[in-house]
Amino acid sequence: MPDIKVTPLGAGQDVGRSCILVSIGGKNIMLDCGMHMGYNDDRRFPDFSYITQNGRLTDYLDCVIISHFHLDHCGALPYMSEMVGYDGPIYMTHPTKAICPILLEDFRKITVDKKGETNFFTSQMIKDCMKKVVPLNLHQTVQVRADKRSFLNLCYLKYKTAAWIDKCRPDILITESTYATTIRDSKRCRERDFLKKVHESIERGGKVLIPVFALGRAQELCILLETFWERMNLKAPIYFSTGLTEKANHYYKLFITWTNQKIRKTFVQRNMFEFKHIKAFDRSYADNPGPMVVFATPGMLHAGQSLQIFKKWAGNEKNMVIMPGYCVQGTVGHKILNGQKKLEMEGRATLEVKLQVEYMSFSAHADAKGIMQLIRMAEPHNILLVHGEAKKMAFLKDKIEQEFNISCYMPANGETTTVTTNPSVPVDISLNLLKREMALGGPLPDPKRPRTMHGTLIMKDNSLRLVSPEQALKELGLSEHQLRFTCRVHLQDPHSDTDTLSRIYSHLKSVLKGYAVQHLPDSTVMVESIVLKVSSSAEEPDLKVVLLSWCFQDEELGSFLSTLLKKGLPSAL
Amino acid sequence: MDISSDEADDWFMESLHIYRDLHVFQLEHPTKVIEWTGEKSICVADYSSARNEILELLLPLKLYAGGNKGLCPERDFKLQHGGFCDEPVECLRHIFGKRCVVTSGQYSSKLQVWDIGEGDSDIIKRTGVINPKCPSDKGRKIASGVTDGASVLHGSRINDVQQTELVSGRVLYAVGTDSLDAVSGLQFVNSSTFVVCANNGTLYVGDTRDPRMKHYVLHGSMSGSHWVFALRKDQPHSDPAACTVARLSSFGQVLVSDLRNLCSPVRQAQLNLQQNMATCDFLNVTWAPVLDSCLAVSGFDGKVHIFDTTSWSTVSQTPQPVFVHRGHDLSHEAKTDGTLLVVTTHVWHPWRPRTLLSAASDGSIHVWDWVDKNFEHF
C-alpha cells in the first residue's frame, strides 16, 4: 500500500518558519519555506539537515510549493535555494510570485542595512531564486518530474472561502491549528473600526497616515473611504501616493481573477483611481493645514515616502497613523506598535511620537467555522494539524474525528507521520473488451475463480485506457505477431489414423462440455483455436503422433489438452 | 425577513455613532447560554446539533487593553477549552470560585458537572452527575451556591427544589412545600437566602436553614403568561434589604419589587414588545451590574432592548427604551433563511457599564458597548 509521509521541519510551537516535507509516491516535496520572525540566529530557518546533512538539496527534493507570500511561509526561500542550494522547480501562484520578491527585498534591506547582519541572502540571490519559480493558476495540475500524480491543486486556502474548494478528496489535508481555535470578528466590524478611527481624527482636525504595501487592502480601504465620504458628505481630502497607483494598476490587472467581487466590479466600471474624493498625492501636501488622509508606501514605515510623512506628523497628538499589518523587527512600524514614544532617527536626532498609533489587522485568515466548512467540502481522508501543542489541540482532534470520522494527526518538528493511502487509479475500459471478457466459458477447472484478463493499458497524456490487444496494435500501427505452440503426443492406438482422430474427437467432446469442439473435413479437430492432427509412420502404424498446435492466447487450454491426451484414450470409445 | 442591503448599510453607518465597540461573530451552532467563567472568559453551549459542544471562549483582548487599545489588534474570540455533552444544554451555570460548570439538558432531569481543563489540557471533562432524588421534569433550572463549598440549587417544580453539594452529591437542603408550579428561575441572595420564580410569576423566598418558604402570588390580572425574573444585588452575599427583583412576562409586562416587600411592586411598565415566537424558551430579563436601575430584555424578537427604570412609577405606562441592539437582525452576516430570528440570551459585562454580549438562534454572538445619547462621550 502506498504511504504518504509528512514531516514538519519548522512549524514548531509558535508561528513561524512554516516548512513541511511530504514524501509521496517516491517523490519529496517541500511545502512552504518560512522564516521565524522571533529569532536572529539560525533558529529562524527551518532545519534542512533533516533532508541531508551536507550539500545541496536538489537531489533530494523534487519540488517546492509556496502557499502564500507572508514571510513566515516564504522568508527562508532565497536562503534555501541559494545558500543551502536547490535548483529544482518552485511552484506558487501568480500573485505570490509578483509579491514575494518585493517583500523579500524589503525584508533583506531592513535586516542587513538597519540591523547590520552579514550572514543573510543578497538581492542577487532573491533574483536568482525567483528565476526558479514556476507560476501556476488556481486548480492547475502539474506533473512533477513525469510522475503521474495530480498533486497540485493550489487552492489558496487562507484567503478564499470554502466555496472555492471542490470535493478534491485529498488523502491528507494539512491545516494550522491556530486558525481552528479562533472565532473571527466579522470583516464589517473591522471596517467599522477603521472608519470610526479615521472619522474621529478628521473631526478634530488631525491628519491620518495609512502606510500600505503596494496593493491589496489599500484598494478595498479606498473604496470604503470613498463610500463613507460620500455618505457623510465629508470634505477633507484623501490622497493616494502616485507610486502606488502605477504599480497597483499593473498588479491589479494581474490579479483581477484573485480579488473579490466588489473590487472587480469597481475596476471594470471605471479606472480604479478615478475616485471622486481620492486624489494623487504630492510631497508638498503633507505640510498643508487641516485634516487629510494619506495612503503611502512602504507598509512598515522603514523608508521612503510613508516614513517622511510620518516624521512630519508624529509630533502632533491630533494626528493618527493606522498600521494595517505585521511589521518586521527593526522598522519604525514595529517600534511604534510596541509602544515606543521616542525614536532615534539618522544623525542621532530623536523623534517624539505623540500621534495616535492604531494597529488594525485586515489580513483574512480562516477560523474555526471556516476550517470545518473547508473539511466538509474537501472531504479529506486524513487531517494533519501543525503549529500547535498536542495537549492544546485535544478537543479539536476529538471534534474532527467525531464529526468526519477520519484520523487527525499532530506531529511535532522532525516527527514523521505516515499515512497509509488507498489510491484508486481510474482507467477507462473499451466496451468490446468488457463484453469479451464477460462472455461465458474458459479453461477448466473452475470458471468461478477470478481470472486474469488480457488487455493492453494505453497511457497517453493524462488518460489511462484498457483496450483489447488488437485494438491497441491497430491504434499504434503495429502488426501482430502470432505465437503458436506445437506439441506432439504419442498414443498407442490400433485404429487407423482417421479413426483415432474420431476417437479423439468423441473424447474431447465428452470432456470439454461448453467448448466448441469441431471435427473438420480436412482431417483436423479444432477446439477453440487449437488444431489437432493425427499421423503415424509406416513402420509403426500403432504409434500415433497427435500434433497439437495452439496460439499463445489458448496456452492454458492447449496445455490442458496435451496433458489429457498423454493419459491415453478411454477404451470405451 | 429579507434584509435589503440598504437597511444593513444604514445600520452599519449608524453603528459608528451608537456603539463605542462592536464585535460580530458566528458560532458553528447557536447557544442559548452565555455564562461568565472568569474575568475574560465565557462558556457557551450547543442546543441544536448532534454533538452539543460546550465551549469556553476568551473574549477579544482588545476589550481589555485599556489605554493601549489602539495597539492591540486582537479582536477575535479564542477557543480555550471544549467538551461534548450527550444532550442539548438547557441551563449552564458557573460554580462560584471554581473552574467548574454545571449543566442541565433537554432530554433528562439529571445535572452534569464539568471540569474546565486546568493548565495543559483543553478538554472540558465531565466529572460527575447529579440525579435529583425525586421525580422531576427535564431541563432543571440551576443556580450556583455562593459559599466556598461548591454546591448548586436546582429545581424543575417548586416541590423538587433542592441544594446539592457537588463533591459528595449530598443533598444539603430540600424545600418542604408541595406546590407543583414549574420553576422558571432561581438564585441565591446570600449564603442561605434564595429566591425562586415560577412560570406563572409567583415568587418564593426561602432559607436553606428552614424548609418552609414564603410565597407571593401575582395579581389576578397578570396571570396567564410566562414569567422570568432577575435579581439585582450588589455583591455575592447581599442583605435582602439591598436587593431588587424584576419580573418580565411574555406579554411584555415588567414588575420591579423590593425584596423586602414582594407584594406590591414599586415600579411597573407595559413594554411595547410582542412575542413573535411560539416558545417562551428564550425570554430573558437582566439587571445592569454597574448602571443604576437599568435592565435589558430579550427573547421577543431579534433585538435586545435596554430600559432605564428610574422614571417608571407604580402606574403602568409604556416607556421607550434607552437603546435597542438591532445587530442580530441587521448585520450583513444575519441569516435570512425564512425562519424568525430570536435572541436566545444576553448577559452584561461585570464591570464595563454599557457592554453586553448577546446570542441569537442563527448562531451569531455579538459583543457591544452602546453609547448613551444622554451622556455623549467617546
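**Exercise 1. Composition of chain A**

Determine what share of the 573 residues in chain A is buried, and state how many helices and strands the chain has.

*Solution.* Buried residues account for 47% of the 573 residues in chain A. The model is a predicted one. The secondary structure of chain A amounts to 17 helices and 27 strands. For the contacts in chain A with a separation of 6 or more, 71% are between residues 24 or more positions apart.

**Exercise 2. Aromatic pairs**

Classify the ring pair A:Phe107 and A:Phe120, and locate its two members in chain A.

*Solution.* 

Step 1. Two quantities are required: a pair of aromatic rings is described by the distance of the centres and the angle of the planes.

Step 2. The centres of the rings of A:Phe107 and A:Phe120 are 5.5 Å apart, and the planes stand at 75°. Planes over 60 degrees apart count as edge-to-face, so the pair A:Phe107 and A:Phe120 is edge-to-face.

Step 3. A:Phe107 belongs to helix H3 (residues 94-114) of chain A, whereas A:Phe120 belongs to the loop between H3 and helix H4 (123-131) of chain A. The pair therefore ties together parts that are 13 residues apart in sequence.

Step 4. A:Phe107 has 5% relative accessibility and counts as buried. A:Phe120 also counts as buried, at 5% relative accessibility.

Step 5. The reasoning can be repeated in chain B. For B:Phe307 and B:Trp312 the ring centres are 6.2 Å apart and the planes are at 65°, so this pair is edge-to-face. Both B:Phe307 and B:Trp312 are buried.

**Exercise 3. A cluster and two charges over rings**

Identify the members of the aromatic cluster that contains B:Trp370, and find which charged end sits over the ring of B:Trp370.

*Solution.* 

Step 1. The cluster consists of B:Trp11, B:Tyr19, B:Phe323, B:Trp368 and B:Trp370.

Step 2. Over the ring of B:Trp370 sits the charged end of B:Arg354, 5.8 Å from the ring centre.

Step 3. A further case involves chains A and B: the charged end of A:Arg188 sits over the ring of B:Phe12, at 4.0 Å from its centre.

**Exercise 4. Cysteines**

*Solution.* 

Step 1. Over all chains, a search of the whole structure finds 0 disulfides. A:Cys100, for instance, is in no disulfide, and the nearest cysteine sulfur, that of A:Cys74, is 3.4 Å away. The cut-off for a disulfide is within 2.5 Å.

Step 2. A:Cys100 is buried, its relative accessible area being 0%.

Step 3. B:Cys243 counts as buried at 2% relative accessibility.

**Exercise 5. Two packed helices**

Describe how helix H12 and helix H13 of chain A pack, and list the residues that meet.

*Solution.* 

Step 1. Helix H12 (residues 368-378) and helix H13 (residues 394-404) of chain A have their axes 12 Å apart and pack at an angle of about 35°.

Step 2. The crossing of H12(A) past H13(A) is right-handed.

Step 3. From H12(A), A:Met372, A:Ile375 and A:Arg376 meet A:Lys399, A:Ile400, A:Glu403 and A:Phe404 of H13(A).

**Exercise 6. Sequence distance and spatial distance**

Compare the separation of A:His490 and A:Lys544 in sequence with that in space.

*Solution.* 

Step 1. A:His490 is part of strand E23 (residues 484-492) of chain A.

Step 2. In sequence, A:His490 and A:Lys544 are 54 residues apart; in space, they are 5.7 Å apart, C-alpha to C-alpha.

Step 3. With neighbours within four places in sequence left aside, A:His490 is in contact with A:Leu543, A:Lys544 and A:Val545.

**Exercise 7. Backbone angles**

State the phi values of A:Arg348 and A:Ser523, and say what kind of peptide bond joins A:Thr297 and A:Pro298.

*Solution.* 

Step 1. The background is that most residues other than glycine have a negative phi, and most peptide bonds are trans.

Step 2. A:Arg348 has a positive phi, near 65°. A:Arg348 lies in the loop between strand E14 (342-344) and strand E15 (350-352) of chain A, and is exposed, with a relative accessible area of 74%.

Step 3. A:Ser523 has a positive phi near 65°. Its loop is that between strand E24 (517-520) and strand E25 (524-527) of chain A, and A:Ser523 counts as partly exposed at 42% relative accessibility.

Step 4. The peptide bond that joins A:Thr297 and A:Pro298 is cis, with omega about -5°. A:Pro298 is in the loop between strand E12 (292-296) and helix H10 (304-313) of chain A.

How values were computed:
Residues numbered from 1 in each chain as written. Chains lettered and ligands numbered in written order. Predicted model: local features only at pLDDT ≥ 70, side-chain atom pairs only at ≥ 80, totals over all residues. Heavy atoms only, no water. Phe/Tyr/Trp six-rings, centres within 6.5 Å; stacked < 30°, edge-to-face > 60°. Helix = DSSP H or I, 4+ residues; strand = E, 2+ residues; numbered from the N terminus. Buried < 20%, exposed > 50% of the residue type's maximum accessible area, 1.4 Å probe, protein only. Lys NZ or Arg CZ within 6 Å of the ring centre and 35° of its normal. Axes fitted to C-alpha atoms, helices over the stretch in contact; angles between N-to-C directions. Left-handed = near helix turned anticlockwise from the far one by under 90°. Contact = heavy atoms within 4.5 Å.
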